[in-house]
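Below are some notes for a colleague who has not looked at this structure before.

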Amino acid sequence: MMTNILIGLAAGVASAAMFSSIVSGAIASLLLFYLAPLPLMVAALGWGSTAALVGGLFATAGLAALFSFTYMAAFAVTIALPAFWLGHLALLARPVSNDPQLANLASTTMSPALDWYPVGRILLWTVAFACITTLCALLTLGTDAASIYAGLRRGLSVVMGARSSDARPDDSERVIDILLSIAPGAASMIAMMTLTFNLWLAGKIATTSGRLRRPWPDLRTTTLPKTALAALGAAGALCFAGGLISIIAQVVSSALMMAYAMTGFAVLHTLTQSFSGRAFVLGAAYAATIFIGWPLIGMMSLGLADAVFGIRQTYWMRRGPPPAPTN
């Protein structure tokens, strides 16, 4: 128990240091800032969620003492809470059999089969945290749409002025207007990608070190709950409501679309598992998404199509269930 607490404290110190490095203004500090949840997530997956909770509380108190309440609140909401809760959910499990006699027999002869918390539901929780993180950041600019957009415009004007001092004012204003229209959604998508990548990387680190407390899941089977599709439809409709409601709807719908893009990649991994050039196809898809960006729309469409038409279920009915995942 003491070892777990010490690991948690060390993870909290590392996470707080990475989070606070952003005050230096260095380019490298941006990478550390985005990876700030990683130490706490590794502690959660490798040593239990209690270790992450202890580390998160210790880091939050330290930031409050060294900096301010604002830094403390930002770290607690965007780093410590998601790291603890997502790690906790990843380790949740229940016996497959509800029969007490079978459960007792399994416990005396072998480790009982466990039904682990679905990856799709963890992904949906990640959407929730991405929305909370983005909305908290936007609300620091104001409590209504006009003040939020005014704050975003000031920030974008500074960036555009620094990067394009030779550009005509009209051109700069048009670019800023375009960026303003997509800024809330883009911020939500970045938060979604960051949290998901940190959780995946933490799982890989825990697996490599032999500390992961659950079997590595088959990510090809990741499926969002049906309620996510209804939530996406409602959020998409509210995007046209205007005002603060529209901003919130953009944030929610963008995070959900990113989640469906991730399930779209799961569909791609499934459909290409019998291809001879599978590595090239997957590599090209990931590279094009990272460097071009537009193929992400195709992945979103593929994920939505699978949610509606059950593409993977049809594939597995014809080809058989997917093979067991490997670490």
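1. Ser254 is found in helix α11. With a relative accessible area of 13%, Ser254 is buried, because the limit for that class is under 20%. Apart from its neighbours within four places in sequence, Ser254 is in contact with Gly185, Ser188 and Met189. As with everything below, this is read from a predicted model.

2. The protein has 14 helices and two strands. Of its 327 residues, 40% are buried.

3. Which residues have the most contacts inside the largest nonpolar core? They are Val127 and Met192, in a core of 36 residues. Helices α7, α8 (145–163), α9 (169–208), α10 (226–238), α11 (243–271), α12 (278–291) and α13 (295–309) each supply at least two residues of this core. The most comes from α11, which gives eleven residues.

4. Helix α7 covers residues 119–139. At 1.5 Å a residue, its 21 residues should span 30 Å, and the C-alpha atoms at its ends are 30 Å apart, so the two values agree. The buried residues of α7 are Gly120, Ile122, Leu123, Thr126, Val127, Phe129, Ala130, Cys131, Thr133, Thr134, Leu135 and Leu138. As background to reading such a list, an α-helix has 3.6 residues a turn, so residues three or four places apart point the same way.

5. Is Thr126 buried or exposed? This residue of α7 counts as buried, because its relative accessibility is 2%. Leaving out residues up to four places away in sequence, Thr126 touches Leu86, Met192, Leu195 and Thr196. Thr126 and Ala83 are 43 residues apart in sequence, and their C-alpha atoms are 10.0 Å apart in space.

6. The next pair to look at is α4 and α5. The axes of helix α4 (residues 49–66) and helix α5 (residues 69–90) come within 9 Å and cross at roughly 175°. Angles over 145 degrees count as roughly antiparallel, so α4 is roughly antiparallel to α5. On the α4 side the contact is made by Ser49, Ala52, Leu53, Gly56, Ala59, Thr60, Leu63 and Ala64. On the α5 side it is made by Tyr71, Met72, Phe75, Ala76, Ala80, Phe84 and His88. The residues of this contact divide into eleven nonpolar, four polar and no charged.

7. Thr60 has its place in helix α4 and counts as buried at 13% relative accessibility. Its contacts, leaving aside neighbours within four places in sequence, are Met72, Phe75, Ala76 and Ala80. Leu53 also has its place in helix α4, but is partly exposed, with a relative accessible area of 38%. Leu53 and Ile5 are 48 residues apart in sequence, and 9.3 Å apart in space from C-alpha to C-alpha.

8. How many residues apart in sequence are Leu271 and Trp316? They are 45 residues apart, and 9.4 Å apart in space, C-alpha to C-alpha. Leu271 lies in helix α11 and is partly exposed, with a relative accessible area of 27%. Not counting residues up to four places away in sequence, Leu271 touches Ile311 and Tyr315.

9. Asp177 and Arg153 are 24 residues apart in sequence and 8.2 Å apart in space, C-alpha to C-alpha.

Methods: Residues numbered from 1 in each chain as written. Predicted model: local features only at pLDDT ≥ 70, side-chain atom pairs only at ≥ 80, totals over all residues. Heavy atoms only, no water. Helix = DSSP H or I, 4+ residues; strand = E, 2+ residues; numbered from the N terminus. Expected span 1.5 Å × (residues − 1). Buried < 20%, exposed > 50% of the residue type's maximum accessible area, 1.4 Å probe, protein only. Core = buried A, V, L, I, M, F, W, Y, C linked by side-chain atoms within 4.5 Å. Axes fitted to C-alpha atoms, helices over the stretch in contact; angles between N-to-C directions. Parallel < 35°, antiparallel > 145°, perpendicular 65-115°, else oblique. Contact = heavy atoms within 4.5 Å. Nonpolar A, V, L, I, M, F, W, Y, C, P; charged D, E, K, R; others polar.
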